[in-house]
Amino acid sequence: MYFSDEGKLITVTHPMVKGVEQPAVETATPVWYNEKSVRQSEFYAASAQGVQLEKMVEVHTEDWAGQTLFQDAAGIRYKVFRSYVTEKDTVELTLQTGGAR
């Protein structure tokens, strides 16, 4: 695996000013990733719950901080459905549709 694609991990926060919630603020972190296929068993289990999984990506552990959105090299945004830390210092992120602004 070469981590040859550049994407973004995105955190969305809702700051409070004087007790009033402000518009969402997005913080994007550029990352290198590998694209993988969603495992068949995970795909069907999610489908049974009405969740459409699109893809799986692998990022370096040091880049992962619990972000909720991922944007791929083509600019398409996804919600992070599940994360799994592997034994080789990477995190697999299973992504679903619906990460639009």
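1. Strand β1 (residues 5-13) and strand β6 pair in the antiparallel sense over 3 bridges, where strands are DSSP runs of E with at least two residues, numbered from the N terminus, and two strands count as paired if DSSP finds at least two bridges between them. Within these strands, leucine 9 stands opposite phenylalanine 70 in β6. This is a predicted model, in which local features need pLDDT of at least 70 and side-chain atom pairs count only at pLDDT 80 or more, while totals for chains, interfaces and linings use all residues. Residues are numbered from 1 along each chain as its sequence is written, and side-chain values use heavy atoms, with hydrogens and water left out.

2. The strand order β1-β4-β5-β8-β7-β6 describes a closed barrel of 6 strands with antiparallel pairing. Neighbouring strands of this sheet are turned by 45 degrees against each other on average, direction ignored. Helix α1 (residues 40-48) lies across β5 (53-60), β7 (77-85) and β8 (90-96), and runs at about 130 degrees to β5; helices are DSSP runs of H or I with at least four residues, contact means heavy atoms within 4.5 Å, and angles, from 0 to 180 degrees between N-to-C directions, refer to axes fitted to C-alpha atoms, for helices over the stretch in contact.

3. The structure holds 2 aromatic pairs, a pair being rings of Phe, Tyr and Trp (its six-membered ring) with centres within 6.5 Å, called stacked if the planes are under 30 degrees apart, edge-to-face if over 60 and tilted for the rest. The rings of tyrosine 33 and phenylalanine 70 have centres 5.0 Å apart and planes at 90 degrees, so this pair is edge-to-face. The pair links distant parts of the chain, with tyrosine 33 in strand β4 (residues 25-36) and phenylalanine 70 in strand β6 (residues 69-71), 37 residues apart. Tyrosine 33 is buried at 2% relative accessibility, and phenylalanine 70 is buried at 0%, where buried means under 20% relative accessible area, exposed over 50% and partly exposed in between (1.4 Å probe, protein chains only). The rings of phenylalanine 43 and tyrosine 44, with centres 5.4 Å apart and planes at 85 degrees, also form an edge-to-face pair; here phenylalanine 43 is partly exposed at 26%, whereas tyrosine 44 is exposed at 53%.

4. Of salt bridges, defined by a side-chain nitrogen of Lys or Arg within 4 Å of a carboxyl oxygen of Asp or Glu, the structure holds 7. One of them joins the side chains of glutamate 35 and lysine 55 (3.3 Å, N to O). Glutamate 35 lies in strand β4 and lysine 55 in strand β5, so the pair ties together parts that are 20 residues apart in sequence. Glutamate 35 is partly exposed at 44% relative accessibility, but lysine 55 is buried at 9%.

5. A further salt bridge joins arginine 82 and glutamate 42 (2.5 Å, N to O), linking strand β7 to helix α1 across 40 residues. In this pair arginine 82 is partly exposed at 26% and glutamate 42 is buried at 13%.

6. Two residues other than glycine have a positive phi: lysine 18, near 55 degrees, and aspartate 89, near 60 degrees. Lysine 18 lies in the loop between β2 (16-17) and β3 (20-21) and is exposed at 84%; aspartate 89 lies in the loop between β7 and β8 and is exposed at 56%.
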